[in-house]
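Keep the viewer open and go through them in order.

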Amino acid sequence: MTRMNPVATLGLVLGAGFSSGLNLYATVATLGLLQRYGVIHLPQSLQVLSHPIILWIAIGLYLLEFFADKVPYVDTVWDAIHTLIRPPAAALLAFSAAGSAPAEWRWSAALLAGGIALTSHGAKASSRAAVNTIPEPFSNWALSFGEDLLAVWLTWMSTTHPVFTSLLVLILLVASIFILYRLFRFLSNALSPRPRQPSNS
């Protein structure tokens with residue numbers, strides 16, 4: 001069983017923050033299952049995630065998201081709703097993960113994780129909305145499966161390899177910001193009025 005220390009806590013804050021922005025329920029279920037089966041030892045304030053009621057709710061909501069996420073435009077509505085859920089939940093997880101730290105560090109962890117979750121959520125939601133314009137469904141499904149796998153894998157990595165996870169999250173954040181920038185530029189160009197061509201008279 002892996003016990004949490006300051007480095008492990010930082011890895012958990014960063015990794016779970018990013019994965020919560022992709023799939024909150026997969027993140028909570030993964031943490032709860034790892035704690036329940038003795039793979040890791042979460043901070044006392046997070047051990048409630050291994051309670052059967054929490055696990056069943058998280059798994060049930062994950063299954064609901066799994067199917068909603070595969071349907072074009074339904075996934076966009078789902079992501080829009082979860083803009084108000086994923087970042088605050090990531091902040092709450094981080095605040096609890098830093099339970100033994102002074103209050104200023106706990107709030108710093110919450111703000112950091114919330115910002116990371118908002119960034120990964122924004123990149124996910126924007127990418128999926130762009131992919132929904134493609135008629136075939138396979139690109140949407142591939143992105144959805146990839147996001148689910150990344151969320152589970154990154155959550156597990158954050159509890160076992162915190163230093164590597166911290167570096168990886170920094171890379172993923174840069175990639176997410178780049179995706180958001182490119183999609184914003186594309187949307188701006190698409191919506192900007194085109195100059196009128198001079199008529200030949």
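1. The chain has 8 helices and 2 strands. Helices here are DSSP runs of H or I with at least four residues, strands are E runs of at least two, and both are numbered from the N terminus. Going from the N terminus, the order of elements is β-α-α-β-α-α-α-α-α-α. Along the principal axes, the C-alpha atoms fill a box of roughly 80 × 35 × 25 Å.

2. A word on ground rules. This is a predicted model, in which local features need pLDDT of at least 70, side-chain atom pairs count only at pLDDT 80 or more, and totals for chains, interfaces and linings use all residues. Residues are numbered from 1 along each chain as its sequence is written, and side-chain values use heavy atoms, with hydrogens and water left out.

3. Have a look at helix 2 (residues 24-36) and helix 3 (52-68). Their axes come within 8 Å and cross at roughly 145 degrees; axes are lines fitted to C-alpha atoms, for helices over the stretch in contact, and angles run from 0 to 180 degrees between N-to-C directions. The crossing is left-handed, a term used if the near helix is turned anticlockwise from the far one by less than a right angle.

4. Which residues make that contact of helix 2 with helix 3? From helix 2 come Tyr25, Ala26, Val28, Ala29, Gly32, Leu33 and Arg36, and they meet Pro52, Ile54, Leu55, Ala58, Ile59, Leu61, Tyr62 and Glu65 in helix 3. Contact means heavy atoms within 4.5 Å. By class there are 12 nonpolar, 1 polar and 2 charged residues (Ala, Val, Leu, Ile, Met, Phe, Trp, Tyr, Cys and Pro count as nonpolar, Asp, Glu, Lys and Arg as charged, and the others, Gly among them, as polar).

5. Next, helix 6 (residues 103-131) and helix 7 (residues 138-160), whose axes come within 9 Å and cross at roughly 160 degrees. That angle makes helix 6 roughly antiparallel to helix 7, the term for angles over 145 degrees. This crossing is left-handed too. Lys124, Arg128 and Val131 of helix 6 meet Ser139, Asn140, Leu143, Ser144 and Glu147 of helix 7, and these contact residues split into 2 nonpolar, 3 polar and 3 charged.

6. There's 1 cavity of 30 Å³ or more. On a 1 Å grid over the protein atoms alone, a cavity is a set of points where a 1.4 Å probe fits but cannot get out, a pocket is an open set with protein on both sides within 12 Å along at least five of seven lines, and lining residues have an atom within 4 Å of a point. The largest cavity has a volume of about 60 Å³, a volume being the space filled by probe spheres set on the points, which are joined across faces, edges and corners. Helix 1 gives the most to its lining, with 5 residues, and the lining has 10 nonpolar, 2 polar and no charged residues.

7. The largest pocket holds about 360 Å³ of space. Of its 16 lining residues, Pro6, Thr9, Leu10, Ala98 and Ala101 are the closest to the centre. Helix 1 (6-22) and helix 6 are the elements that give two or more residues to this lining, which divides into 11 nonpolar, 5 polar and no charged.

8. One last stop: Tyr73, in the loop between helix 3 and helix 4 (74-82). Its phi is near 75 degrees, a positive value in a residue other than glycine. Most residues other than glycine have a negative phi.

Terms used. Angles under 35 degrees count as roughly parallel, over 145 as roughly antiparallel, 65 to 115 as roughly perpendicular and the rest as oblique.
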